[in-house]
Amino acid sequence: MSVMPENQVFLASHTPYEATAWTPSGSGILTWSVFSIYRATLWSVGSLTVSEQGISNPSFALQFEYLRNISADYIIEASQREMLRLGLHTDANIQRWILAMRGIIPDTSRGDLLWIVFTPGQGVRFLSQKFAQSELLGEIADAEFCLALADIWFHPDCHSAKLRRSLLQEDAA
């Protein structure tokens, strides 16, 4: 009898999908200047297709392993800057989403695992995983927010093209 990997069990406990449905895709490290911020790993149910029309998949998740202490304010402000820079959503919606994130996103310490589970057409769940404990930090049931947040990592013009390619397992152009 094989043992199910811990991350698949974790995802199955927070989604309607069986553990075996979740498969890891790419992984990469976000760096800023000389600092490594986090390692991100993409997990998905089935294959993830990213096109100009958006992301096609019933559910996917990003796991973030923080490599340094980062404040919640910094995480939220960086998300806001990227959404505004991409210019795909109204300022009013971005302000509403940022306000909602302020009640969800925690300060992080080196080694913390945070998850964002995306369900296109529905919304996003934010989860924390420490040791054998997991916690639902909150959710934002807004299909447009789901796309806006995913664009931070998957839009063709996102800030970190290298991380995007690593997550999607694409060769550098």
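Helices H3 and H4 are roughly perpendicular to each other in this predicted model, since they pack at an angle of about 85°, which falls in the 65 to 115 degree range for that label.

**How H4 meets H3**

- Two packed helices are described by the angle between their axes and the distance between the axes.
- Helix H3 covers residues 91–102 and helix H4 covers residues 143–154, with the two axes 11 Å apart.
- On the H3 side, the contact is made by Asn 93, Trp 97 and Met 101, while H4 brings Glu 144, Phe 145, Ala 148 and Leu 149.
- Sorted by class, the residues of this contact come out as five nonpolar, one polar and one charged.

**How H4 meets H2**

- Helix H2, residues 72–86, packs with H4 at an angle of about 95°, and here the axes are 9 Å apart.
- From H2, the residues in the contact are Ser 79, Glu 82, Met 83 and Leu 86.
- From H4, Phe 145, Ala 148, Leu 149, Asp 151 and Ile 152 take part.
- This contact contains six nonpolar, one polar and two charged residues.

**Leu 149, a residue of H4 to look at**

- Leu 149 lies in helix H4, and it has a place in the contact with H3 as well as in the contact with H2.
- With a relative accessible area of 0%, Leu 149 is buried, because the cut-off for that label is under 20%.
- Beyond residues up to four places away in sequence, Leu 149 touches Met 83, Met 101, Ile 116, Phe 118, Val 124 and Phe 126.
- Leu 167 is 18 residues from Leu 149 in sequence, and the C-alpha to C-alpha distance between them is 15 Å.

**Asp 112, in a loop**

- Asp 112 is found in the loop between H3 and strand E6, the strand spanning 113–119.
- Although placed in a loop, Asp 112 counts as buried, at 13% relative accessibility.
- The side chain of Asp 112 reaches the backbone nitrogen of Ser 109 at 2.8 Å.
- Setting aside neighbours within four places in sequence, Asp 112 is in contact with Phe 64, Glu 65, Tyr 66, Asp 107 and Lys 130.

**The cysteines**

- A disulfide is a covalent bond between the sulfur atoms of two cysteines, and this structure holds zero of them.
- For Cys 146, the nearest cysteine sulfur is that of Cys 158, 16 Å away.
- That distance is too far for a bond, because a disulfide needs the sulfur atoms within 2.5 Å.
- Cys 146 is buried, with a relative accessible area of 2%, and Cys 158 counts as buried too, at 7% relative accessibility.

**Two positive phi values**

- Most residues other than glycine have a negative phi.
- Ser 33 has a positive phi, near 60°, and sits in the loop between strand E1 (22–32) and strand E2 (35–45).
- Ser 33 is exposed, with a relative accessible area of 64%.
- Gln 169 likewise has a positive phi, of about 55°, although it is not a glycine.
- You will find Gln 169 in the segment after helix H5 (161–168), where Gln 169 is exposed, with a relative accessible area of 58%.

Technical notes: Residues numbered from 1 in each chain as written. Predicted model: local features only at pLDDT ≥ 70, side-chain atom pairs only at ≥ 80, totals over all residues. Heavy atoms only, no water. Axes fitted to C-alpha atoms, helices over the stretch in contact; angles between N-to-C directions. Helix = DSSP H or I, 4+ residues; strand = E, 2+ residues; numbered from the N terminus. Parallel < 35°, antiparallel > 145°, perpendicular 65-115°, else oblique. Contact = heavy atoms within 4.5 Å. Nonpolar A, V, L, I, M, F, W, Y, C, P; charged D, E, K, R; others polar. Buried < 20%, exposed > 50% of the residue type's maximum accessible area, 1.4 Å probe, protein only. Polar contact = N/O pair within 3.5 Å; in protein donor to acceptor, adjacent residues only side chain to side chain.
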